[in-house]
Amino acid sequence: MYHQHTDEAPPTASSAATAPSAHRPFTIERGSFCIARCSCGWTGPARRSRDRARTDAEEHRSAP
């Protein structure tokens, strides 16, 4: 049986998720509204325009 050495093991997803500056915005639908949210805890305003909610999320991702 072959055992991987630590230097051969592929990086795990959890190591990428612990990056402090990693913003992963996403949108949530609530009835006729769409809300942009982020893994850092940020929440955008509720929008009827899904496109505008996605724009809010991208603006948050590019903000310092």
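This is a predicted model: local features need pLDDT of at least 70, side-chain atom pairs count only at pLDDT 80 or more; totals for chains, interfaces and linings use all residues.

A: In general, the strands of a sheet pair through backbone hydrogen bonds, in either a parallel or an antiparallel way. Here the sheet is open and has three strands in the order β1-β2-β3, with antiparallel pairing. Because β1 and β3 stand at the edges and each has a single partner strand, one side of each is left without a neighbour in the sheet. From one strand to the next, the twist averages 20°. Against this sheet packs helix α2, residues 50-62, which touches β1, β2 and β3 and whose direction makes about 10° with that of β2.

Turning to the pairs themselves, strand β1 covers residues 26-30 and strand β2 covers residues 33-37, and the two are joined in the antiparallel sense over five bridges. Within this pairing, F26 stands opposite R37 in β2. The two strands form a hairpin with two residues between them, and G31, which lies in the turn, has a positive phi of about 65°.

On the other pairing of β2, strand β3, made of residues 43-47, is the partner, again in the antiparallel sense, over three bridges. In this pair I35 stands opposite A46 in β3. The hairpin of β2 and β3 has five residues between the strands, and there G41 takes a positive phi near 110°.

Conventions:
Residues are numbered from 1 along each chain as its sequence is written. Side-chain values use heavy atoms; hydrogens and water are left out. Two strands pair if DSSP finds at least two bridges between them. Helices (H or I, at least four residues) and strands (E, at least two) are DSSP runs, numbered from the N terminus. Axes are lines fitted to C-alpha atoms, for helices over the stretch in contact, and angles run from 0 to 180 degrees between N-to-C directions. Contact means heavy atoms within 4.5 Å.
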